[in-house]
Amino acid sequence: MKIWEKIFPPRIAILILAVILCVLFLHGKRSAQNPASLRVKIHSEETDGVFTKDQKMSEPILAKYTSNRNDGTFEFKGYLREDVNNLSVKSPARVSPGMVYSRDSVDFQIVDSLSRPNSGGPVVIGDSDHDSLMEIIYEIFQPGLYPLIIYEYNPGTQKFDSVWTIGDSLPIFDIGDIDGDNKTEVLTQYKDSIRVYESVDSTSYPSALTWSHVLPMNIHYHGQIVDLDQDGNKEILIRECTGPTTYRIKIYECIGDNQFDSVFASPIYSYNGRNRAVGDFDQDGKMEFTAMDGNIIQVFENQGDNIYSEVWEYDWQQLNCQSTHGDDVDNDGLPEIIYGGNTDNNDYFAIFERAADDSFTISWDTIIPGLGSGVLANVTTGNVSFGPKQELVLTAYDQWHVYRCTGNDQYEFVYSYAFGVGHGLWGNTSAANVDGDSRDEIIVGSQYTGGLFVFKDINMEADTTPPTISILFPTPEDTIETDSVVIYAYYQDNPGGVGIDTSCTDLTMNDDTLSAVVTDTMISYLAEDLDDTTYTLMLVVSDREGNSTDSTWNFYVNAVTVKEQKETQQLNPHSLMLYPNCPNPFSQMTEIKFQIPNRETDSPLNVTIVVYDVTGQRVRSLVDKEFSSGTYTVTWDGKDESGEYVSAGVYFYRLKTDRSGIVRKMLKLK
C-alpha cells in the first residue's frame, strides 16, 4: 500500500475532494453574483434591505452616518425621507482611494496631486505675493527633511506649481500681515520655537526670518493670527505644550515692526485640541476663542485690552475634543462653533449656536461610527458643491464627508470619500477657492502614504443664470407725498447658484450711488429731504459667478404736499415730529422722541411706533395708543417681540397716525 493511501484511505480522499469542489463551486457562484464582495445594508424604521455594489436604491432613505465594518459590509443608518432616486453606493475602496457614497450626482474628483504632507501640520491657503493666484502652503514629507513648500495655481495648466521652499521642519499655522507693514508673514514652528517669516516686499514670497520665540518643548504647536481685543494690533494665538501631556493657550501681541510680547496665558490643561475657533459667537461685541480640556469645551472672551476670561464651558462627557471651527453655515445670522471629537472608535461632530449672552446650545450633531482612532476629527466649511449655501466637510481618520445645509440648523449627508487604511488625514483638510472660479475645492492631505489632493465636484455646471429682482417700494411710477422714503427691493440667485455678491450690488438715484444697506437677499436706503422732481432708481445685482442683472424705475415726489408739510412745521412748532433716536448708533438701548401737534379738537390722536429690519419685517411695536398734544419719549431695549436681542445692523422706526407717517433710520451695534 502506498504511503498516501495509508494517510488518506480512498473513501476519505474522495470525500475531501468532493468538499473542496463544492466550496469552489459555491465561491465562484457568489463571486459572480457580487464580484465586489460588498454588501450595503439600509436600515430605517420601516426598511431593512441588502443591496449590492452600485445598485440604485429607490427606497426613501436619508443616510445620517456611515461606518465601514470589519466584516466587509458598509452600513447606512438613517430615517425615512422623500424620494432619493439618485442615491447610489460604491465600494469603500480600502486599498486605493475611491468614493464610498454619493447622492444627487455629487462627484468629487482629484484635479491635482501634490507632495505628501508631513504628519500633524495643517494646510494653509493664501496669496503671499499678492499676484491674485492662490497658494497652498504646507510642510511636506521628505526622508530626514520637512521643508515648507508653497504651491501656486497655474491658470495655463490648471495645476499647482512648486514656487518656493522655506527652511526645514516647518509646519505652518497661518498666513497674514501681522505687523501691518503690507508684507505677508507666515507663522511656523521650527523644533522648539515659534517663527515668523516675512516677505522682503509686497510682491515676493515669505523668506526672511523676522521673529523667533523658544517654547517649552519640541512638540507640535498650533497657532493663528487674530485681533482678539480689536485694538488694531494683531496677536498670535497658539496652543503651547508645557509638558509631555499638558498644554495651555498663549497670546503674543504685536508691539511694533516684527516685535511681539506675551500678553495672556490660560490655565494648564491635561489635553487641548489643535484648532481654535475665533469670533463674536454670542454677538455681544466681544471676541471669543475656544479651548478644549479633554472632554470639556471652553469659550474665552475678551474683557478689555489684553484681558481674557472663561465665560462658558460644556462637558462633552466621554468625548475627546479635537478641533473647532467658526462659521455661519446655515446663514441664519447666528455664528456657529463647530466641534469635532471622538471616543470608542466613533467620531462625533456638533454645531453650537448662541442661546444667550455667554451661553451656547447644540443646534445639530452627527456621528460617524467605526472610524475614530484618537486622531484629529477635523472640521472645515466651504461652498464645495451645488447650491448657494456652504457645506460642512468633516474629516474622520481616513475618510472625509460632506454635509449639505438644507435649512435652518438642518443638514443632510451627501458625499463620503475613503482613502483606505494607512491614510491618516490628521486635520490636513481645508476648503477654499484655490483656482479662481466661484466654487471652493477640498484640499486633503494623507500623511502616511499618497500625497496632498485637490478635490473638485466635477458635476457642478457653470451658473449662467442671473439673479432676479423684486421691487418692493417705491413701486415704478409711484407718487410719494412725503420728503423721505425708504427704498427697498428683494433679489435672489437662481436655485443652483452660489449666492449674491454683495460687493457688486449697487443702488443709484439720479446717477448718484447710494450708501445703501446690502444683505444677501435685500437692499434698502432711507432717502431724505427729497425735492419736487422725478427720481430714477437703478439697481444692479450680481452673483458670485459674475452674472448680473439690473432694474430701472422712476418715482415722483409731490412737491405741493412736501411744501405744505414744511411750511406747516415752520408756522406751527407743534407739528407732528419724529426726532432722531439717541444715542445713534447704540449697543443696548436707545430713546426715541416724538411730538404730537396741537389740534382743533381736544380729542387725543392714535399713534403707533414700530421698528422694522432692513427686509421690511416687523421687529417690535413700541407704541400703540392715543396721545394728547405734547412731546414724548419711548425707549427701545434692542429686543424683538419675543424678548430676544436682535442682531447688529440697520433698523427703521416709523411713527404713524391716521393722517400721516414719518420714518427714520438707526444703527444697532453688536
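Let's start with an open sheet in this predicted model: 4 strands line up in the order β20-β21-β22-β23, with antiparallel pairing. At the edges sit β20 (278-279) and β23 (307-315), and each of these pairs on one side only. Inside the sheet, β21 (residues 288-293) and β22 (residues 296-304) are antiparallel and joined by 6 bridges. To find one of the partners yourself, look at Glu288, whose bridge partner in β22 is Glu301.

**More strand pairs**

| Strand pair | Bridges |
|---|---|
| β10 (residues 148-154) and β11 (residues 159-166) | 7 bridges |
| β32 (residues 429-432) and β33 | 4 bridges |
| β33 and β34 (residues 452-457) | 4 bridges |

Take β10 and β11: they make a hairpin, with 4 residues between them. Gln158 is in that turn, and its phi is positive, at about 55°. Along the pair, Glu152 has Asp161 in β11 as its bridge partner.

Now for β33 (residues 441-445). How many of its residues are buried? The count is 5 of 5, so to speak a mostly covered strand. Glu441, Ile443 and Gly445 point one way, Ile442 and Val444 point the other way, and all are buried.

**Inside the chain**

Which residues touch the most other members of the largest nonpolar core? They are Phe594, Val607, Ile609, Val611, Leu622 and Trp636, out of 21 residues in that core. Five strands, β45 (590-596), β46 (605-613), β47 (618-627), β48 (630-636) and β49 (649-656), each supply at least two of the core's residues. Apart from this core lies another one, made of 19 residues, among them Ile480, Leu530, Tyr535 and Leu539.

Leaving out residues up to four places away in sequence, Ile609 touches Phe594, Arg620, Ser621, Leu622, Val623, Val634, Arg654 and Leu655.

Then there's Ser524, which belongs to strand β41 (residues 522-527). Is Ser524 buried or exposed? Its relative accessible area is 1%, and buried means under 20%, so Ser524 counts as buried. Again leaving out residues up to four places away, its contacts are Ile487, Tyr488, Ala516, Val517, Val614 and Phe652.

Cys241 counts as buried because its relative accessibility is 0%, whereas Cys582 is exposed, with a relative accessible area of 53%. The structure holds 0 disulfides.

**The whole chain**

Zooming out, the chain has 3 helices and 50 strands. Of its 670 residues, 48% count as buried. Its accessible surface is about 30400 Å², and 49% of that belongs to carbon and sulfur atoms. Among contacts with a separation of 6 or more, 51% link residues 24 or more positions apart.

How far can you trust the picture? The mean pLDDT of the chain is 76, and 72% of the residues reach 70 or more. Over residues 23-97, though, the pLDDT is below 50, and this stretch has 160 contacts in the model beyond near neighbours in sequence. Where pLDDT is low, the predicted coordinates should not be read in detail.

Methods
Residues are numbered from 1 along each chain as its sequence is written. This is a predicted model: local features need pLDDT of at least 70, side-chain atom pairs count only at pLDDT 80 or more; totals for chains, interfaces and linings use all residues. Side-chain values use heavy atoms; hydrogens and water are left out. Two strands pair if DSSP finds at least two bridges between them. A nonpolar core is a set of buried Ala, Val, Leu, Ile, Met, Phe, Trp, Tyr and Cys residues joined through side-chain atoms within 4.5 Å. Buried means under 20% relative accessible area, exposed over 50%, partly exposed in between (1.4 Å probe, protein chains only). Contact means heavy atoms within 4.5 Å. pLDDT is the predictor's confidence in each residue, from 0 to 100. Accessible areas come from the Shrake-Rupley method with a 1.4 Å probe; for residues, only the protein chains shown count as cover. A disulfide is a pair of cysteine sulfur atoms within 2.5 Å.
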